[in-house]
Amino acid sequence: MTVFKNTDGKPVLLNIVKAIQDNKTYLGDIDGLIGDGDHGMNMNKGFTLFETRFKDKDFTFTEGLDELGNILFSEIGGSMGPIYGTIFMDTSEAGEDLDTITVSDLSTMLEAGLKGLQEIVEAQVGDKTLVDTLSPAVDSLKASAAAGEDYNTALEKMKAAAEAGKESTKDLVAKFGRSSRLGERSRGVLDAGAVSCCIILTAMADGICKELSSHR
């Protein structure tokens with residue numbers, strides 16, 4: 001049974017930061033189609049602030065998630081700062097006492113992030129938000145944990161579930177945020193939050209797999 005050490009989390013967090021930085025323009029372009037176009041800029045600001053403050057410090061996976069969440073919650077504009085801040089801080093809190101993080105533990109942590117989000121935004125699957133990405137990713141991880149699958153298998157499946165969830169938002173009508181005012185005109189475009197969530201989960205999965213392979 002492969003386990004991911006909480007103390008090995010720094011490279012994973014920095015991999016997520018790089019993924020957001022690399023996709024800043026793409027996220028802005030998507031958001032600009034039915035939103036106000038600032039999603040990439042705001043996300044890049046928050047993740048880069050985290051990188052600047054913590055790249056020379058040691059931190060665990062859960063400590064990094066908490067610090068990143070704090071910055072996003074309190075220091076970036078737009079509606080997504082508090083949303084991602086809540087997800088990351090609640091994910092962190094659910095795993096803060098763990099030395100090693102199993103597939104089951106990671107599913108529990110991300111589920112706590114999803115539940116925390118749904119306490120502040122009543123979005124469900126089908127409402128064209130990042131819930132459409134995060135919820136199936138959590139379900140996939142839980143199924144992998146129940147089946148006793150190893151990290152590599154579980155994370156590849158989680159990435160596929162997140163990708164499929166993200167793609168599903170293209171055919172949905174927005175129920176939340178600025179784009180919800182467009183009604184049917186919001187159909188045919190990906191939700192920017194669902195896209196950034198997919199980028200984050202994919203970078204997290206790739207980062208964890210890389211760490212596990214380096215310790216074999």
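This text leads through the aromatic contacts of the structure and then through one of its helices. The model is predicted, so local features are described only at pLDDT of at least 70 and side-chain atom pairs only at pLDDT 80 or more, while totals for chains, interfaces and linings use all residues. Residues are numbered from 1 along each chain as its sequence is written, and side-chain values use heavy atoms, with hydrogens and water left out.

The structure contains six aromatic pairs, a pair being two rings of Phe, Tyr or Trp (its six-membered ring) with centres within 6.5 Å, counted as stacked if the planes are under 30 degrees apart, edge-to-face if over 60 and tilted otherwise. The rings of Phe47 and Phe88 have centres 6.2 Å apart and planes at 75°, which makes this pair edge-to-face. Because Phe47 belongs to helix 3 (residues 39-54) and Phe88 to helix 5 (residues 80-95), the pair ties together parts that are 41 residues apart in sequence; helices here are DSSP runs of H or I with at least four residues, numbered from the N terminus. Phe47 is buried, with a relative accessible area of 0%, and Phe88 is buried as well, at 4%, where buried means under 20% relative accessible area (1.4 Å probe, protein chains only). Together with Tyr84, Phe47 and Phe88 form one aromatic cluster.

Helix 9 (residues 192-214) has 23 residues, which at 1.5 Å a residue should span 33 Å, and its end C-alpha atoms are 33 Å apart, in agreement; the expected span is 1.5 Å times one less than the number of residues. Helix 9 is mostly covered, with 18 of its 23 residues buried.

Definitions and conventions
Helix = DSSP H or I, 4+ residues; strand = E, 2+ residues; numbered from the N terminus. Buried < 20%, exposed > 50% of the residue type's maximum accessible area, 1.4 Å probe, protein only.
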